[in-house]
Amino acid sequence: MTPAIDPTPALGVQQARNLHLEAQGLLRKPAARPKRASLLAAIERMQLLQIDTIHVVARSPYLVLFSRLGAYPTDWLGDALERGEIFEAWSHEACFVPTAAFALHRAHSDCGGRAGHWADKHAARAQDAQRAGMNAVLERIRVQGPSKASDFEGTRPATSGWWGWKDEKRWLEALFARGELMVARRERFQRVYDLSERVMQRMGVERSAQAVDERAVARRLVLDSVKALGICQARWIADYYRTRPRHKDADLDELVASGELIRVDVRGWDDRAYVHRDHAGLLQQAIAGKLRATHTTLLSPFDPVVWDRARASAMFGFDYTIECYVPEPKRRYGYFVLPVLHRGALVGRLDAKAHRDEGRFEVKGIHLETGVRPDVRMTEALAVAVQACADWHETPKVTVRRSDPRPFAGDLRRALQALRA
């Protein structure tokens with residue numbers, strides 16, 4: 001039974017942050033010993049786990065899960081994919097998605113919800129101009145079974161375009177975007193493609209023959225986005241699943257009237273905010289100050305908490321740009337900078353590299369946000385978080401190069417040394 005709440009609840013910014021972090025699984029320190037089921041539960045909670053291949057530290061999907069689960073075996077993610085508990089899809093970007101959401105994602109694709117995305121544009125061009133090559137790749141997989149792009153020798157050398165991919169890789173990706181192929185598993189993080197019907201059979205799902213109700217799909221995506229975020233403004237909703245157009249308050253009136261969304265005021269925000277009715281109890285706890293942030297951890301640059309620059313700025317006062325795509329001379333903080341979450345606030349950013357051959361975790365730089373004054377408690381908590389991340393990487397020797405403010409590097413080094421003493 002949904003708890004009764006005031007018609008227009010109001011809460012402070014920190015209470016809103018805590019509600020958001022609770023919904024995302026980042027409010028409290030994770031259990032000492034994560035379980036396999038915890039991995040699937042974390043993905044179901046976020047609804048989307050973005051995939052990225054950069055691995056100066058752990059690849060992003062693994063790091064996102066580490067922030068929520070602690071030190072878990074990374075092969076659990078690949079196992080979940082191979083067992084059909086999750087699947088890969090284009091959504092926010094390339095993502096792992098719980099199998100329970102398969103019908104929604106397939107319906108969203110079938111109704112053209114991803115038509116403006118670069119992957120779908122590429123697939124459409126390939127379909128028009130290179131269908132014969134796509135058919136040959138499809139037939140080989142049909143006969144020989146699941147295959148990686150590297151299993152194909154290539155009909156001609158790779159080019160400088162499309163990341164230098166050879167034709168067969170582009171065709172595989174086009175077939176994946178069109179839904180004719182799916183990812184059966186990954187080997188050394190390379191996609192292994194198979195016919196969609198074979199992957200779906202293992203997942204225990206079917207492709208519906210019914211016409212897609214576009215309005216119902218759009219409604220579900222709005223509700224799921226709000227639920228995943230815990231609390232959000234209307235203008236932030238579209239970014240979660242990369243839907244169009246961006247929403248306005250008036251667009252949500254019907255969902256508020258039906259009770260599916262709760263409209264709230266956040267003191268200090270110019271715009272109204274929304275909470276899913278399933279989080280009504282959490283909303284009451286937040287208002288009463290009963291949601292307390294105790295977790296300190298490092299976040300991936302592709303963590304849902306910092307996906308949307310405008311949302312991260314409004315929610316945390318944190319202006320974040322992923323600088324790995326920025327030319328080196330223009331980078332302010334570093335190549336792969338990890339936001340630092342401490343007890344409900346984003347307090348800094350850490351530029352790191354895991355030197356696996358040396359067993360060394362290098363903190364190239366740690367930059368605290370303006371106005372953050374680290375006390376002993378915060379410094380010790382950050383040292384624990386950095387060391388835990390380094391241990392999980394199997395690079396337990398931590399080196400700290402520099403910091404802003406400058407004296408903090410020494411404080412962090414001493415805190416790390418105390419942990420090892």
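Ala-126 touches Arg-131, Met-134 and Ala-174, where residues up to four places away in sequence are not counted and contact means heavy atoms within 4.5 Å. This residue belongs to helix H6, which spans residues 118–129; helices (H or I, at least four residues) and strands (E, at least two) are DSSP runs, numbered from the N terminus. Ala-126 is buried, with a relative accessible area of 2%; buried means under 20% relative accessible area, exposed over 50% and partly exposed in between, with a 1.4 Å probe and protein chains only. The C-alpha atoms of Ala-126 and Trp-171 are separated by 7.1 Å, although the two residues lie 45 residues apart along the chain.

The model is predicted: local features need pLDDT of at least 70, side-chain atom pairs count only at pLDDT 80 or more, and totals for chains, interfaces and linings use all residues. Residues are numbered from 1 along each chain as its sequence is written, and side-chain values use heavy atoms, with hydrogens and water left out.

The largest nonpolar core has 135 residues. Such a core is a set of buried Ala, Val, Leu, Ile, Met, Phe, Trp, Tyr and Cys residues joined through side-chain atoms within 4.5 Å. Among the residues with the most contacts inside the core are Leu-39, Leu-65 and Leu-77. Leu-77 touches, among others, Leu-39, Leu-65, Ile-86 and Phe-96, again not counting residues up to four places away in sequence.

Strand E6 (residues 181–187) is mostly covered, since five of its seven residues are buried. Six bridges join E6 to the antiparallel strand E7 (residues 190–195); two strands pair if DSSP finds at least two bridges between them. Met-182 has Asp-194 in E7 as its bridge partner. The two strands form a hairpin with two residues between them, and Arg-188 in the turn has a positive phi of about 50°.

Strands E9 (residues 261–266) and E10 (residues 273–276) run antiparallel and are joined by four bridges, with Arg-263 opposite Tyr-274 in E10.

Finally, the cysteines may be considered. A search of the whole structure finds zero disulfides, a disulfide being a pair of cysteine sulfur atoms within 2.5 Å. The sulfur of Cys-232 is 17 Å from the closest cysteine sulfur, in Cys-95, and is therefore too far for a bond. Cys-232 counts as buried, at 0% relative accessibility.
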